[in-house]
Amino acid sequence: MKKQTARRMLALTMAGAMALSMTACGGGDKGSGEKADIDLTIDQIKLGEDYTDISADLKFLTHKTDVIDTRFRGYIEEFQKVYPNINIEYEGITDYAGDVTTRLSTGDWGDICMMPTTVDKDELENYFTCFGDYDTLSEEYLMLPGRSYEGKVYGIPSMGNVQGIVYNKAVFEEAGITEIPKTPDEFLDALQKIKDNTDSIPLYTNFAADWTMNAWDAYIDGCATGQADFAHEGRTKGENPFADRGDGTGPYAVYDILYEAVSRGLVEEDPTTTDWEGSKGMINNGEIGCMVLGSWSILQMQEAGDHPDDIAYMPFPISIDGKQYASAGPDYCYGINCNSSEDEQIAAMVYIKWLVEESGFETDEGGISALADAPFPEALSAFEDIDLLFDVPVPEGEETLGNDVNNESELGINVSGAIPKQVLEAALDGAPTMEEMSEEWNEAWTAAQEKYGITH
């Protein structure tokens, strides 16, 4: 819970710095004290026809530190065949969310970034350029609600992630698993078979990497309930959303899978010593059976060794009335610095449109395109009969309610990974129980709901 408290303190620091950065958001160059509001929306740009003569030098902050000098260099070269006077310099940042959150408050951080989720919706306009109206852009792009506010879009998804489990097919076959598990019990039984019949680690948690634990939070909404609006209507506003439903569904069931896997010894021997980079090669060569990570992980695991064909992706093992669902949501979204000059903002919007529509970034990363009419990637063929659930817009006037309740509760859903980390540690220690923890989460959530006027 300490990480979430630190986040709230950081939010206050950013708010205090707003007096400085908002004057910068008010004309021209970065940090000049004025804002250049551009009269352009991303849907108006015709790639290869508009702004081919514009000149700009852009700095792009990214978490993708491993491909700056390779794949990203190739993107720039292709882009400059049409836009030769737009120069892009990528800056890779390892501790991305924390460092960029702090830098945003200065206003002078660059021109494009992968937007950290630490910026609440009602603060988006203070930092980022508007891409256009939600109603218009939602006809062309998917997964926009998360970085939109009051009908305006401030972030375009770099790609989408489908939420499931990356696994090694050869390990599952060696263990005698003939069908993909569809329920928590079937999944835990499959992990036990891997332990009993192979030398592989059934489920690798990557606990020591910290950020990887946050992945579990992504499954507690649509995947676990079959409701596209559960995040808002069922979790933010619902009564005791973390309670055990008794039928292997809902948020409790997601976290209970982790608890049971750890308590039954179906994970690595010492989660405190896991190795994120090493785990990629381990699952590729069959030392690991599976990992709970978004679809972005598929390509990384395939490229980590000599057995790419053994890497596959399956839906999360929860079924609602016999049917499985998968949440599909945005990875990092592209954002443009509202403090950049007019030409820099326009050039940045052109490059972002090219990245989304022409670069193939989502294919290179194993995700799905943000374009509404893009085909489904082959790597996710197991999801062809699964209903994909995308986030839906929340009611007007409630856009920040989810963030408010989450922050006040200090549970850090989709922010800090506080709950899954607590679950793993409790399973290792043998206490508290899942029932005790879920009661604690519901008490904190209910108190936060009441503060913001949510009653049941």
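User: Where does Pro-432 sit in this predicted model?

Analyst: Pro-432 is in the loop between α16 (418–429) and α17 (434–451). Keep in mind that the model is predicted.

User: And what is the peptide bond from Ala-431 to Pro-432, cis or trans?

Analyst: That bond is cis, with omega near -5°. For background, most peptide bonds are trans.

User: Is Glu-150 buried or exposed?

Analyst: Exposed, because its relative accessible area is 57% and the cut-off for exposed is over 50%.

User: What about phi at Asp-321?

Analyst: Phi of Asp-321 is near 55°, again a positive value in a residue other than glycine. You'll find Asp-321 in the loop between β12 and β13 (325–330). With a relative accessible area of 82%, Asp-321 is exposed.

User: Switching topic: how much of helix α11 is buried?

Analyst: Helix α11 covers residues 276–284, and seven of its nine residues are buried. They are Trp-276, Ser-279, Lys-280, Gly-281, Met-282, Ile-283 and Asn-284.

User: What covers those buried residues of α11?

Analyst: Several elements do, including the strands β9 (164–168), β10 (201–203), β11 (288–291) and β12 (311–315), plus the helix α12 (297–302).

User: Now the inside. Which residues touch the most other members of the largest nonpolar core?

Analyst: Ile-156, Trp-216, Tyr-255 and Tyr-351 do, in a core of 135 residues. Helix α13 (residues 342–357) gives the most to this core, with 10 residues. As a general point, nonpolar side chains tend to be buried together in soluble globular proteins.

User: Pick Ile-156. What is it in contact with, away from its neighbours in sequence?

Analyst: Leaving aside residues within four places in sequence, Ile-156 is in contact with Ile-42, Phe-131, Leu-137, Tyr-141, Leu-144, Cys-333, Tyr-334, Ile-352 and Val-356.

User: Trp-216 was in that core list. What is the volume of the largest cavity, and which residues line it?

Analyst: The volume is about 60 Å³. Trp-216 is part of the lining, together with Leu-203, Tyr-204, Thr-205, Asn-206, Thr-212, Met-291, Val-292 and Leu-293. The lining divides into six nonpolar residues, three polar and no charged.

User: Let's go to Thr-62. Where is it, and why does it count as buried?

Analyst: Thr-62 is in strand β1 (residues 56–62). Thr-62 counts as buried because its relative accessibility is 0%, and buried means under 20%.

User: What does the side chain of Thr-62 reach?

Analyst: The backbone nitrogen of Lys-64, at 3.0 Å. Beyond four places in sequence, the contacts of Thr-62 include Ile-68, Phe-72, Tyr-90 and Met-114.

User: Ser-359 next. Where is it, and is it buried or exposed?

Analyst: Ser-359 is in the loop between α13 and α14 (361–365). Its relative accessible area is 13%, so Ser-359 is buried.

User: Which backbone atoms are around the side chain of Ser-359?

Analyst: A polar atom of that side chain lies 2.5 Å from the backbone oxygen of Leu-355. The side chain of Ser-359 also reaches the backbone nitrogen of Phe-361 at 3.1 Å. Not counting residues up to four places away in sequence, Ser-359 touches Tyr-75, Trp-354 and Asp-364.

User: Last one: how far apart are Cys-130 and Thr-41?

Analyst: They are 89 residues apart in sequence and 7.6 Å apart in space, C-alpha to C-alpha. Cys-130 is in the loop between α4 (124–127) and β4 (132–133), and counts as partly exposed at 25% relative accessibility.

How values were computed: Residues numbered from 1 in each chain as written. Predicted model: local features only at pLDDT ≥ 70, side-chain atom pairs only at ≥ 80, totals over all residues. Heavy atoms only, no water. Helix = DSSP H or I, 4+ residues; strand = E, 2+ residues; numbered from the N terminus. Buried < 20%, exposed > 50% of the residue type's maximum accessible area, 1.4 Å probe, protein only. Polar contact = N/O pair within 3.5 Å; in protein donor to acceptor, adjacent residues only side chain to side chain. Contact = heavy atoms within 4.5 Å. 1 Å grid on protein atoms, 1.4 Å probe; cavity = no way out; pocket = protein on both sides within 12 Å on 5 of 7 lines; lining within 4 Å. Points joined across faces, edges and corners; volume = space filled by probe spheres on them. Nonpolar A, V, L, I, M, F, W, Y, C, P; charged D, E, K, R; others polar. Core = buried A, V, L, I, M, F, W, Y, C linked by side-chain atoms within 4.5 Å.
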